[in-house]
Amino acid sequence: RNLTCSTQTQIRPLGRCCPICRPCRFNGRDYAQDQIFIPASDSCAECTCQDTAVSCRPIICEANCTHPVPSGSPCCQNCSACSFNGTVYGNGVDFLNPTVNCSRCQCQSGSVTCSPTPCPRLFCDNAFLPVGSCCPVCPPKKCEFEGR
């Protein structure tokens with residue numbers, strides 16, 4: 001059997017014919033050579049035992065978004081939907097902006113983009129904005145028949 005540790009860190013336990021790699025001791029626990037573990041002291045780190053030394057690095061998260069939904073991990077974001085002003089919206093969902101009137105938003109891979117509500121082009125000179133509406137409208141045409 002080929003060992004992955006250096007000969008300086010190999011030991012031969014009593015009663016065994018072949019050497020083994022000396023374990024790493026980290027925060028009072030032993031870890032085997034090449035063992036990858038998440039330490040109890042930092043759930044956002046990943047550690048590896050190599051030649052009796054432990055090296056740790058931050059867990060790499062694949063997802064990066066501006067409006068993640070809560071996930072089970074304290075380290076990584078969940079970008080499968082969007083959390084916007086306390087409401088969760090599914091991926092690809094269009095919705096009215098709850099904080100800005102006349103603005104539509106879309107959830108895309110955990111990020112929300114908003115833009116003004118598009119209004120139709122009007123063909124009148126005296127358009128007005130009805131109360132509670134986002135877009136101006138033309139006034140109703142007056143019905144004229146025989147000059148009345």
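Predicted model: local features only at pLDDT ≥ 70, side-chain atom pairs only at ≥ 80, totals over all residues.
Start by selecting C124 and C138: these two form a disulfide, with their sulfur atoms 2.1 Å apart. A disulfide here is a pair of cysteine sulfur atoms within 2.5 Å.

Residues are numbered from 1 along each chain as its sequence is written, and side-chain values use heavy atoms, with hydrogens and water left out.

Back to C124 and C138. The torsion about their S-S bond is about -95 degrees, so this disulfide is left-handed. Both cysteines sit in the segment after strand 12, so the pair ties together parts that are 14 residues apart in sequence. (Strands are DSSP runs of E, at least two residues, and helices are runs of H or I, at least four; both are numbered from the N terminus.) C124 is partly exposed at 24% relative accessible area, and C138 is partly exposed at 28%. Buried means under 20% relative accessible area, exposed means over 50%, and partly exposed is in between, using a 1.4 Å probe and protein chains only.

Next, select C102 and C134. Their disulfide has an S to S distance of 2.3 Å, and its torsion of about -95 degrees makes it left-handed. C102 lies in the loop between strand 10 (94–96) and strand 11 (103–108), and C134 in the segment after strand 12 (111–116), so the bond ties together parts 32 residues apart in sequence. C102 is partly exposed at 27%, and so is C134 at 33%.

Now try C105 and C114, joined by a disulfide at 2.0 Å, S to S. Which hand does the disulfide of C105 and C114 have? The torsion is about 100 degrees, so it is right-handed. C105 is buried, at 2%, whereas C114 is partly exposed, at 36%.

How many disulfides does a search of the whole structure find? It finds 11.

For a contrast, go to C17 and C18. The sulfur of C17 has its closest cysteine sulfur in C18, 3.4 Å away, too far for a bond. C17 is exposed at 67%, while C18 is partly exposed at 45%.

Last stop: select F26, Y31 and F37, which form one aromatic cluster. The whole structure has 4 aromatic pairs. Rings of Phe, Tyr and Trp (its six-membered ring) pair if their centres lie within 6.5 Å; planes under 30 degrees apart count as stacked, over 60 as edge-to-face and the rest as tilted.
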